[in-house]
Amino acid sequence: MIAKSPRGVRLAVAAAIAAGVGCSPEQRSLSVGTPATELRSAPQPAVTPQESGTTVRFYAVSPVNAKVVWASGNLGTFARTLDGGQTWVSRVMPGAEALQFRDVEAVSKDVAYLLSAGVGEDSRIFKTVDGGDHWTEQIRNTDSNGFWDCFAFWTPRRGILMGDSVNNRFPIHRTTDGQRWVDIGDRLPRAQDGEGAFAASGTCAATQGGSNAWLATGAAAVARILRTTDGGNTWRSSATPIQPQGTPTSGNVSVDFRDARRGIVGGGDVAAAGPQMNVARSRDGGATWTLTTPTPYEGAVFGITYTRNHREDDAEDGDDDDDGGDQALRRVVATGPGGAAWSPDEGKSWNLLAGITNCWAVAFATQRTGWLGCGAGRIFRIDF
């Protein structure tokens, strides 16, 4: 039975899409069409399937470099490759078999953080320093109404955790030492009724530089971006034009910034198919947003990223023109249940990645090499 409160509906939908029913298999296999978009003729990247060693869904991917990549998935599963994906080793954390690892943040071949998302105590953060042989639980959500969605890091020891609002307050946590997580929710704007994030791909939070961060929200009347420029001490909010929004299953899902000013957000209705206005762009640090061309696949964007390694220092390109700067800096890849696509110009035009469906997560190790995390244990390497 689905609860009738906005939060109850949203949690029920989260459970449904966790089981892979956000879109039916029939919807995922149908031709996605080209909703009001011009597909740019461009050399397509090489997309190579890789053997993961598991059949569970992967929710998140986190490359350290072009050789070392971590992924996280359902049923307590995490995976790692040390050779660029030629071989993956998938494992289940003992005692965590019922948890959904919705996000992973990799630091090195030995050090990584895992976030499990779920209601109440199912939301937890773990850390390993020995390549996944042993994990230490750092924090567990003790609020029975709480639900954690994703996290992001500025450095190996400084990170921010996004969670759904409870009683119109965001229980955002921050770590400054890579060990202890402190609630800083009182520093954020008041949440709208039911407002939260979507634990779809581990990318509802983004960091850049030493102190900039953005949190993507939905499931409320207005889809917003919450932003800080001082490491979480102070916050501002802004609305985005992503459509649909205004329901418990719609809004912003994934956000990324390539420098302090230029960013992109993807979203829509995570429980619906059909064409959606699912991508928007900012040129002022997230203060204002403008819709771009929607992706050539239908449905919501679950994961969107610039093709870059998020652990490297971000360099300003020094050009304020929409079309200025190094083209590789403006390249974006988006994915969701309905398909995957890439844009050479931050969403002005798109190129469909043919045959790729039901992938939720995408992340890059370099401007040329990245990975898609998908259902049924599928992992794809992308090389531009």
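Visitor: Arg180: buried or exposed?
Guide: In this predicted model, local features need pLDDT of at least 70, side-chain atom pairs count only at pLDDT 80 or more, and totals for chains, interfaces and linings use all residues. Residues are numbered from 1 along each chain as its sequence is written, and side-chain values use heavy atoms, with hydrogens and water left out. Buried means under 20% relative accessible area, exposed over 50%, and partly exposed in between (1.4 Å probe, protein chains only). Arg180 has 61% relative accessibility, so Arg180 counts as exposed.

Visitor: With which residue does Arg180 form a salt bridge?
Guide: A salt bridge is a side-chain nitrogen of Lys or Arg within 4 Å of a carboxyl oxygen of Asp or Glu. For Arg180, the closest N and O atoms are 2.7 Å apart.

Visitor: How many residues separate Arg308 and Asp256?
Guide: The side chains of Arg308 and Asp256 meet in a salt bridge, 3.5 Å from N to O. Arg308 lies in the loop between β22 (303-306) and β23 (332-336), whereas Asp256 sits in strand β18 (250-257). Strands are DSSP E runs of at least two residues, numbered from the N terminus. The pair links distant parts of the chain, and the separation is 52 residues.

Visitor: Why does Asp256 count as buried?
Guide: Arg308 is buried too, at 9% relative accessibility. Asp256 counts as buried because its relative accessibility is 2%.

Visitor: Which residue stands opposite Gln208?
Guide: β14 and β15 (212-216) run antiparallel and are joined by 4 bridges. The residue opposite Gln208 lies in β15 and is Asn212.

Visitor: What is the angle between the planes of Phe151 and Phe153?
Guide: The whole structure holds 14 aromatic pairs. Rings of Phe, Tyr and Trp (its six-membered ring) pair if their centres lie within 6.5 Å; planes under 30 degrees apart count as stacked, over 60 as edge-to-face and the rest as tilted. Phe151 and Phe153 are both buried. Their pair is edge-to-face, with centres 5.5 Å apart and an angle of 70°.

Visitor: Which residue pairs with Trp214 in a stacked aromatic pair?
Guide: The centres are 3.7 Å apart, with 5° between the planes. The pair links distant parts of the chain, with Trp214 in strand β15 and its partner in strand β18, 43 residues apart. Both residues are buried. The partner is Phe257.

Conventions
Pairing = 2+ DSSP bridges.
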